[in-house]
Amino acid sequence: MELRQLQYFVAVVEDANFTRAAARLHVAQPGVSAQIRQLERELGQPLLDRSGRSVTVTEVGKAVLTYARAALAAVEGIRQTVDEFTGLLRGHVAIGLVSGASIAHTFDVSSLLADFHDDHPQVEISLTEDTSERMLAALHRGELDIAVAGLPGDEPPPGLSLQIVVDEPLVAAVTPHDPLMTHAGRTSVPLAALRDRPLISLPRGTGLRGVLERACTEAGFRPRIAFEAAAPPVLAQLAARGLGVAVVPALPAGTASDFGLRTLEITEPRPRGRIALAWRTEGPAGPAARALLGRLRTAFPTPGSVAR
């Protein structure tokens with residue numbers, strides 16, 4: 001029995017497909033099949049069911065899978081322990097980024113990751129862009145080490161620690177001729193004034209959308225979402241064409257005028273858009289992920305922090 005046989009077996013189970021597993025492992029598919037068949041011959045039992053459209057694990061395979069993962073984790077732990085003594089970082093870090101965050105705000109995640117990779121070229125970094133809801137769930141499951149995610153409520157999700165990097169009031173972005181602008185010098189608008197207006201918002205599952213829906217419920221109505229887009233600048237573009245009221249975090253100085261928009265702070269209640277750096281409370285498992293988290297915590301602006 002060889003470690004690579006266990007590695008191939010785990011990869012095929014996770015991908016439910018020999019070809020995808022081989023591509024992820026950067027080896028030829030026939031080699032993966034041959035090594036797993038050799039492992040099955042040595043154990044005297046089939047580990048995979050190849051009869052269907054996708055590969056599934058047998059009952060024996062399920063039992064073996066736990067030990068295979070433990071063996072691979074033990075070997076990785078040995079490598080990491082030695083690397084810590086030599087000062088060399090290696091391994092894999094999975095980080096999630098809420099859609100549109102790097103566009104809408106001042107922090108430059110791509111540059112931070114590039115600098116970290118220059119300092120630690122043996123660390124493999126995977127970046128996933130998704131909704132906040134799915135990324136926070138992935139953090140809980142251990143599929144992500146770190147996430148930059150929007151927060152739908154005031155309390156941190158159980159089991160996660162957070163560092164707030166953006167905390168801004170939500171505003172209604174409208175054209176200068178919108179009915180909301182009939183009052184000269186107006187700088188705010190009660191949320192109830194948006195009750196019957198077509199709204200332009202981030203998609204369901206994002207932190208900002210959750211904040212908006214909770215605030216509307218508190219104000220006694222259900223928001224009428226006419227358009228959705230993943231990036232705040234796209235929301236502003238839609239509002240500039242008169243398609244509705246864009247509900248976005250407070251726009252940087254000059255951005256609203258560049259789009260030909262006016263912004264009014266939403267009140268009664270005063271919902272806020274918050275983005276946080278998030279990680280499991282016990283911390284990332286690997287030293288590479290811990291090092292990257294430390295780099296990000298130092299680099300990101302910190303309007304406030306909260307942990308649980």
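Biologist: What volume does the second largest pocket have?

Modeller: Bear in mind that this is a predicted model. The second largest pocket has a volume of about 280 Å³. Its lining consists of 13 residues, and those closest to the centre are Asp 154, Val 211, Arg 214, Pro 271 and Arg 272.

Biologist: Which elements each supply at least two residues of that lining?

Modeller: They are α8 (207-219) and β12 (272-280). The most comes from α8, which gives four residues to the lining of the second largest pocket.

Biologist: How do the residues of that lining divide by class?

Modeller: The lining of the second largest pocket has six nonpolar residues, one polar and six charged.

Biologist: And what is the volume of the largest pocket?

Modeller: The volume of the largest pocket is about 1,400 Å³. It is lined by 33 residues, of which Arg 24, Leu 72, Glu 76, Gly 91 and His 92 are the closest to its centre. Two or more lining residues come from each of α1 (3-15), α2 (18-25), α4 (59-86), β3 (91-98) and α11 (287-299). By class, the lining of the largest pocket holds 14 nonpolar, eight polar and 11 charged residues.

Biologist: Back to β12. How many of its residues are buried?

Modeller: Buried means under 20% relative accessible area. Eight of the nine residues of β12 are buried, so under that cut-off the strand is mostly covered.

Biologist: Which strands are joined to β12 by bridges, and how do they run?

Modeller: Strand β5 (residues 146-150) is joined to β12 by four bridges, and the two run antiparallel. Within that pair, Ala 147 has Ala 278 of β12 as its bridge partner. Strand β6 (residues 160-174) also runs antiparallel to β12, with nine bridges between them. There, Ile 164 is partnered with Ala 276 of β12.

Biologist: Let us turn to single residues. Is Ser 201 buried or exposed?

Modeller: Ser 201 has 0% relative accessibility, so it counts as buried. Ser 201 sits in strand β8 (residues 199-201). Leaving aside neighbours within four places in sequence, the contacts of Ser 201 are Leu 208, Arg 209, Leu 212, Ile 225, Phe 227, Glu 228, Ala 229 and Leu 235.

Biologist: Where is Glu 213 placed, and what does it touch?

Modeller: Glu 213 lies in helix α8, the element that gives four residues to the lining of the second largest pocket. Not counting residues up to four places away in sequence, Glu 213 touches Arg 204 and Pro 223. With a relative accessible area of 21%, Glu 213 is partly exposed. Glu 213 and Pro 176 are 37 residues apart in sequence, and their C-alpha atoms are 26 Å apart in space.

Biologist: How should I read the protein chain as a whole? How many helices and strands are there?

Modeller: The protein chain has 11 helices and 13 strands. Its radius of gyration is 24 Å, well over the 19 Å that the globule rule gives for 308 residues, so the chain is more spread out than a compact globule. Along the principal axes, the C-alpha atoms fill a box of roughly 80 × 45 × 30 Å.

Biologist: What percentage of the residues count as buried?

Modeller: Of the 308 residues of the protein chain, 44% count as buried. As for contacts between residues at least 6 apart in sequence, 76% join residues at least 24 apart.

Conventions: Residues are numbered from 1 along each chain as its sequence is written. This is a predicted model: local features need pLDDT of at least 70, side-chain atom pairs count only at pLDDT 80 or more; totals for chains, interfaces and linings use all residues. Side-chain values use heavy atoms; hydrogens and water are left out. On a 1 Å grid over the protein atoms alone, a cavity is a set of points where a 1.4 Å probe fits but cannot get out, and a pocket is an open set with protein on both sides within 12 Å along at least five of seven lines; lining residues have an atom within 4 Å of a point. Grid points are joined across faces, edges and corners, and a volume is the space filled by probe spheres set on the points. Ala, Val, Leu, Ile, Met, Phe, Trp, Tyr, Cys and Pro count as nonpolar, Asp, Glu, Lys and Arg as charged, and the others, Gly among them, as polar. Buried means under 20% relative accessible area, exposed over 50%, partly exposed in between (1.4 Å probe, protein chains only). Two strands pair if DSSP finds at least two bridges between them. The radius of gyration is taken over C-alpha atoms; the globule rule is 2.2 Å times the number of residues to the power 0.38. Contact means heavy atoms within 4.5 Å.
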